[in-house]
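Please open the structure in your viewer and follow the stops below in order. Each stop names what to select and then describes what is found there.

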Amino acid sequence: MSQNPPCRHCNQAGSRWPWPFYDAKCLGCAAREIEDSPEFWAAQAAGTTTPEYQARLRRHWGDDWKEGHQRVKEWHEHGQRAAKAGRNPGNPAP
Ligand SMILES: [Zn+2]
């Protein structure tokens, strides 16, 4: 994880998922935004980091895009745990 402390929106997202607010200067927020993007879902479906997905990561992390990918995956897992815990009633039950 980054050395920077999470911003208030990332803090909120940690306890209330999904949290629809983002700070443009925060990499944690960038990761959350990408986690919710069509590029990420397409990459998940393809089982690889697609060029389109990499391009989104590179916009924030440059050559360290794999670090960004790691953070996106962390949010994704967090989101899945939150959904399982019933904090996301907007999603249909499995
Ligand atoms: Zn943030």
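**Overall layout**

Read along the sequence, the protein shows the pattern α-α-α-α-α. This is a predicted model. Colour the chain by secondary structure: there are 5 helices and 0 strands. Of the 94 residues of the protein, 21% count as buried. Among contacts between residues at least 6 apart in sequence, 33% join residues at least 24 apart.

**First stop: the loop between α1 and α2**

Select P18, which lies in the loop between α1 and α2. Then display the backbone from W17 to P18: the peptide bond here is cis, with omega near -5°.

**Second stop: α2 against α5**

Two packed helices are described by the angle between their axes and the distance between the axes. Select helix α2 (residues 27-35) and helix α5 (residues 65-84); they pack at an angle of about 65°, and their axes are 8 Å apart. The two helices, α2 and α5, are therefore roughly perpendicular to each other. Their crossing is right-handed. To see the contact, show L27, G28, A31, R32, I34 and E35 on α2, together with G68, R71, V72, W75, H76 and G79 on α5. Sorted by class, this contact of α2 with α5 has 5 nonpolar, 4 polar and 3 charged residues.

On the α4 side, the contact is made by Q54, L57, R58, H60 and W61, and on the α5 side by W65, E67, G68 and H69. By class, the contact of α4 with α5 has 3 nonpolar, 4 polar and 2 charged residues.

In soluble globular proteins, nonpolar side chains tend to be buried together. Which residues have the most contacts inside the largest nonpolar core? Select C26, A30, A31, I34, F40 and V72, which hold that place in a core of 14 residues. The elements that give two or more residues to this core are α1 (8-15), α2, α3 (38-46), α4 and α5. The largest share, 5 residues, comes from α2.

**Last stop: I34**

Finally, centre the view on I34. Leaving aside residues up to four places away in sequence, I34 touches F40, R56, L57 and V72. I34 also belongs to the α2 side of the contact with α5, where V72 is among the residues on the α5 side.

Methods:
Residues numbered from 1 in each chain as written. Predicted model: local features only at pLDDT ≥ 70, side-chain atom pairs only at ≥ 80, totals over all residues. Axes fitted to C-alpha atoms, helices over the stretch in contact; angles between N-to-C directions. Helix = DSSP H or I, 4+ residues; strand = E, 2+ residues; numbered from the N terminus. Parallel < 35°, antiparallel > 145°, perpendicular 65-115°, else oblique. Left-handed = near helix turned anticlockwise from the far one by under 90°. Contact = placed C-beta atoms within 7 Å. Nonpolar A, V, L, I, M, F, W, Y, C, P; charged D, E, K, R; others polar. Core = buried A, V, L, I, M, F, W, Y, C linked by C-beta atoms within 7 Å. Buried ≥ 20, exposed ≤ 12 C-beta atoms within 10 Å, placed from the backbone.
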